[in-house]
Amino acid sequence: MDRNSMFCFQCQETLQNKGCTKIGVCGKKSDVAHAQDQLIYATKTLCVVTTQLRAEGKNISSNVNRLVTLNLFTTITNANFDAENLMRRVDETLKVKAALLENVDDKIFDESKIGVLATKNEDVRSLRELITYGLKGMAAYLYHANALGYDDEKINAFIQSTLAKLLDDTLSGEDLTALALETGKVGVDTMALLDKANTETYGNPEISKVNIGVRKNPAILISGHDFKDLEQLLEQTKNSGVDVYTHGEMLPAHYYPAFKKYKHFVGNYGNAWHLQQKEFDKFNGVILLTTNCLVPPKENYKARVFTTGAVAYPHCKHVEEIDGKKDFSPLIELAKTLPPPTELETGEIVGGFAHEQVFSLADKVVDAVKDGAIKKFVVMAGCDGRQKSREYYTEFAKALPKDTVILTCGCAKYKFNKLNLGDIGGIPRILDAGQCNDSYSLALIALKLKKVFGLDDVNKLPIVYNISWYEQKAVIVLLALLYLGVKNIHLGPTLPAFLSPNVAKVLVENFNIGTISTVDDDIKNWIG
Ligand code: SF4
Ligand code: SF3
């Protein structure tokens, strides 16, 4: 493929729901797309080696595992826009592979296999990409668990053997379909690991009110999903006169007991990722991106943007981890010189309804269902995005009858979390479990309800799934739900472009996956 063209269809905003071929709708340029393709390919070839070594009974070091995890994570949508950074990772990956091969000639590497379109059969391509994107999401969650000192060799081995299999031309469509479902299973294990890491480290999320206004101190805005980064930032900003606010997917940090103790942890600023160009400008202070979603920064605030972990952007300063620690002092010093945030709104939002909190309300919830006060739960989880068609989700939430409760997590919630939908006998009508990985919490809640109601099938519960997706973490969440046997999921605002007609047909036949239509029709057909 020539250097000025590219092919990427991994996210929901891909051009015309077909593929980005010149530049990404996300702002990704072709050199970055090529570097990402090379990195994914190099990582797959490394995994052929690690899988072979594991089969021989050899141990793969955690450094190699972390390299694979970060390589996958950094190619997720809206994380890394820096071609040089990505090419350095390609070099490092090939070096690590060479060392594992003990300097034996690398016979695996074949340039013609780089990139999505290298797989000619459209169904095989579709399944390979479905699995690759699922693994990217899984790697993101594993990365956060690793940051807190939690790891699982079985998950690492699965990620690597699966990546190796994606280079194996002998696998049939059935083999790959089975592998996609297995990916969902390991996705559940990975989300469980991250849930354990988060709750054992920071406590169980509690029902919390989060301030959405501002104070008069200079401040740092932290975005993304990495709680370990947040913890270090809060520690280092203590008594500095600099406040800390969350943005986007970092909002649920306010639900954890361990973070509540910081007096300078003020609240949440702004909305989901796609509004950041306006909101980062108004924030005035320093912005730290710990993970996706980064939108290419505008010149008027770019000098205030720092990246870390899997995120990188040319000419934005990157905070490295050294001996398990990150030094945020340059951010703090810069923040002190900058004005306080401009107020966007005032008030509070409520969240923190993860599994333990909902279990403690279980009797109340069960009674409300038995009395008919709650007729249906509607899972509206996943991602937000910039397309106008996503206003559907705000309108859908508004149009839901008053005897329904929304279960949410991920940045999808910003489409409705500031609506005043009231409560049902003290149970708020929007229950936010947390970040996108906390869909694990929603699954536990569903399984608990199934048990309480004595049902033999999770699909008999009064739960409707109306999931909005954008990037690849939503893919692992979807595969996880399918593995758990959830059927009739409505996925929108469009079905993934990477599903070929035949693969989409398999999903429809086996899981009755559908998409959305109009708010009126969907309310009528799903809620009654
Ligand atoms: Fe296009 Fe999405 Fe790929 Fe960006 S991540 S290039 S928007 S498909
Ligand atoms: Fe959002 Fe990017 Fe997916 Fe974690 S921050 S849900 S889109």
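For the ligand shells I count a residue as near a molecule if one of its heavy atoms lies within 4 Å of that molecule. I keep in mind throughout that this is a predicted model.

**Entry 1: ligand 2**

I listed the residues around ligand 2 and found H225, E249, W273, N292, C293, G382, C383, C411, C436, Y470 and E471. Sorting this shell by class gave me six nonpolar, three polar and two charged residues. I then asked which domains the shell around ligand 2 draws on. Domain 2 (208-336) and domain 3 (353-527) each contribute at least three residues to the shell.

**Entry 2: the largest pocket**

I next turned to the pockets, and noted that the largest pocket holds about 860 Å³ of space. Its lining consists of 32 residues, and L70, R89, Y143, E320 and E321 are those that lie nearest the centre of the pocket. By class I read 10 nonpolar, 12 polar and 10 charged residues in this lining. Which elements supply at least two residues each to the lining of the largest pocket? I found helix 2 (62-74), helix 3 (83-100), helix 4 (122-147), helix 7 (227-237) and strand 7 (317-319), and helix 2 gives the most, with seven residues. I also recorded that the largest pocket lies between domain 1 (15-201) and domain 2 (208-336), because both of these domains give residues to its lining.

**Entry 3: the second largest pocket**

For the second largest pocket I read a volume of about 360 Å³. I counted 26 residues in its lining, with I40, K44, G115, V116 and E129 lying nearest the centre. Helix 1 (30-55) and helix 4 each supply at least two residues of this lining, and helix 1 gives the most, with six residues. The class division for the lining of the second largest pocket is 12 nonpolar, six polar and eight charged.

I then traced an open sheet of six strands, which follow the order 4-3-2-5-6-7 with parallel pairing. At its edges I found strand 4 (265-268) and strand 7, each of which pairs on one side only. From one strand to the next, the twist in this sheet averages 25°. Looking at one pair within it, I saw that four bridges join strand 2 (residues 219-223) to strand 3 (residues 243-246) in the parallel sense, and that A219 stands opposite D243 of strand 3.

Another open sheet has five strands in the order 15-12-11-16-17, and its pairing is parallel. Why is one side of strand 15 (430-432) and of strand 17 (490-492) left without a neighbour in the sheet? I noted that these two strands stand at the edges and have a single partner strand each, so one side of each has no neighbour there. The twist averages 20° from one strand to the next in this sheet. Within it, strand 11 (residues 376-379) and strand 16 (residues 463-468) run parallel and are joined by three bridges, and the bridge partner of F377 in strand 16 is I463.

Terms used
Residues numbered from 1 in each chain as written. Chains lettered and ligands numbered in written order. Predicted model: local features only at pLDDT ≥ 70, side-chain atom pairs only at ≥ 80, totals over all residues. Heavy atoms only, no water. Nonpolar A, V, L, I, M, F, W, Y, C, P; charged D, E, K, R; others polar. Domains from an automatic or database assignment. Pairing = 2+ DSSP bridges. Axes fitted to C-alpha atoms, helices over the stretch in contact; angles between N-to-C directions. 1 Å grid on protein atoms, 1.4 Å probe; cavity = no way out; pocket = protein on both sides within 12 Å on 5 of 7 lines; lining within 4 Å. Points joined across faces, edges and corners; volume = space filled by probe spheres on them.
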